Amino acid sequence: MGGTDSANRTDRRLLVSVFGPQEAREAVLGGARIIDSEDPRSALGTIKPRRIMDIADAVLAVHRPLPVQLSTNIGEDQLLFRRAPNGLAIAKSGYEQLGKSAQAALGVAAAMGTRVHPAGGIVKVGVDGMRAEQAAEVIAEVVATLRRAGDLSHTRVMAVLFAQDLELWAARRALPQVRRALVGLGEYHPCAPGTPGAFDLADFAGALLDEDGSPAFGSYRPDAAELVAAGALPPGSTDTLVAVTEPFAHADHGLTPGPRTDRRAIAAMVEAAAAAGADSIMLDTSILLKVARIGLISTAGSTELVDLDRHDRDAHGLVRSGILGLDEIRFFVELCHAHDLEANLAGSVQSHQAQQVWRLVPEVDQLSARGGVVAPARDPHTGRAGRGTRHDRVVRRTLVSGLVPPEQGGRLVLPARMADSPGLREDLDTLLKLHPDLTAYQAGAYGELTPWE
Ligand SMILES: O=C[C@H](O)COP(=O)(O)O
């Protein structure tokens with residue numbers, strides 16, 4: 001290979017979060033290079049080790065033209081609480097938090113094993129709701145533990161920080177579709193009358209699911225006793241008022257005084273992860289922001305990114321929004337590299353964002369996705385579509401290909417429903433003119449692709 005070719009070589013990788021072997025195969029066949037085991041009910045949802053093993057077996061058995069790695073998280077925060085009889089909670093000791101995190105890291109590293117990749121897997125450590133020093137302690141304990149773990153000693157450690165925009169969140173958290181989705185995910189808690197944001201859980205009981213994931217009440221309106229019996233309210237509850245879970249504010253943990261993740265918050269976390277000996281850092285968003293359609297990457301108002309987000313509305317007209325501009329993303333990537341860390345971007349990343357970021361920030365090491373690569377499942381007996389919630393949708397290889405880097409065959413994949421948005425055609429033409437190597441497809445309801453005429 002000539003000098004120029006080798007100078008242009010990259011090893012950029014797409015991570016796709018999967019919840020089972022079929023999704024793992026779809027992800028690999030679509031071009032994902034990191035197969036991440038995760039329960040989609042949360043941003044970093046805890047998955048059983050046996051399921052990680054099933055996913056590892058599926059990856060091992062499928063044709064992989066390029067090396068593929070496995071990753072798994074140990075939860076989105078490492079906090080442990082002791083609950084008092086009145087329902088209030090006290091944090092457990094720092095020692096116990098470190099012990100639990102390191103034990104979990106050993107467990108998921110063992111479940112991933114070293115068969116898919118000789119170096120072993122990647123352990124993702126969520127450090128939401130912590131000060132930078134606390135986060136560094138947890139990450140350092142995980143790193144030090146894994147370094148002594150025999151065959152697993154080359155397991156890599158990825159710190160995960162949730163970016164936030166609390167003003168955008170505050171403007172969206174009371175929307176009925178956001179509340180409904182959060183109730184379905186169990187992201188709510190009982191509250192007293194008069195609490196800001198309080199609402200009646202019975203109004204959203206249709207979103208509650210039983211243990212098997214089926215609707216617990218359907219269109220029936222339960223009372224407090226029935227909600228308690230279904231496990232949707234704590235024992236003894238006599239009223240049905242609840243509020244949605246709130247994000248951990250950066251300002252409460254000394255990351256930045258502002259309501260939005262800025263350079264100061266990014267620097268605090270990157271420096272903490274580097275000092276702790278992590279190998280990489282992911283900026284992601286919490287499940288709260290994901291269901292409110294607030295992603296990591298903001299295309300609005302950019303002079304470089306074509307803003308296709310403005311054409312991406314849900315059934316109620318809620319537009320997709322983002323947190324970080326391109327300059328902040330570049331700052332993150334540069335700072336990571338200055339500290340010898342790989343940089344990974346996640347948080348509702350869409351095909352049009354990915355294809356632009358891969359080209360405009362070529363140094364980025366990894367992008368990650370789930371929401372942008374899933375479509376409703378189809379019942380093979382009835383041909384009917386499954387539910388549209390985040391955890392009922394399944395990974396499709398066609399959609400995965402929309403987030404793969406260009407040098408590995410990535411293409412632009414837009415949901416067919418965007419075609420009706422006024423001005424989409426002009427914006428798409430602008431994008432294709434800026435990046436003439438891009439080919440555009442529209443994706444139907446199940447992720448089936450047709451070229452964009
Ligand atoms: O680990 C990354 C997350 O699973 C990304 O999920 P998302 O694309 O739905 O935000």
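Predicted model: local features only at pLDDT ≥ 70, side-chain atom pairs only at ≥ 80, totals over all residues.

Let me start with helix H9, which passes helix H11 in a right-handed crossing, where right-handed means that the near helix is turned clockwise from the far one by less than a right angle, and left-handed that it is turned anticlockwise. Helices here are DSSP runs of H or I with at least four residues, numbered from the N terminus. On the H9 side the contact, meaning heavy atoms within 4.5 Å, is made by Arg263, Ile266, Ala267, Val270 and Glu271, and on the H11 side by Asp327, Glu328, Phe331, Phe332, Leu335 and Cys336. Seven of these residues are nonpolar, none is polar and four are charged, if we count Ala, Val, Leu, Ile, Met, Phe, Trp, Tyr, Cys and Pro as nonpolar, Asp, Glu, Lys and Arg as charged, and the others, Gly among them, as polar.

Residues are numbered from 1 along each chain as its sequence is written, and side-chain values use heavy atoms, with hydrogens and water left out. The mean pLDDT of the chain, that is, the predictor's confidence in each residue from 0 to 100, is 93, and 98% of the residues reach 70 or more.

Now, which residues of H5 meet H9? They are Ala132, Ala135, Ala136 and Ile139, which face Ala268, Met269, Ala272 and Ala273 in H9, and this contact divides into eight nonpolar, no polar and no charged residues. The axes of H5 and H9, lines fitted to C-alpha atoms over the stretch in contact, with angles from 0 to 180 degrees between N-to-C directions, come within 8 Å and cross at roughly 30 degrees. The two helices are therefore roughly parallel, since that label covers angles under 35 degrees, while over 145 is roughly antiparallel, 65 to 115 roughly perpendicular and the rest oblique.

H5 (residues 132-147) also packs with H4 (residues 94-112), and here the axes come within 9 Å and cross at roughly 45 degrees, so H4 and H5 are oblique to each other. This crossing is right-handed, and its contact has eight nonpolar, four polar and two charged residues.
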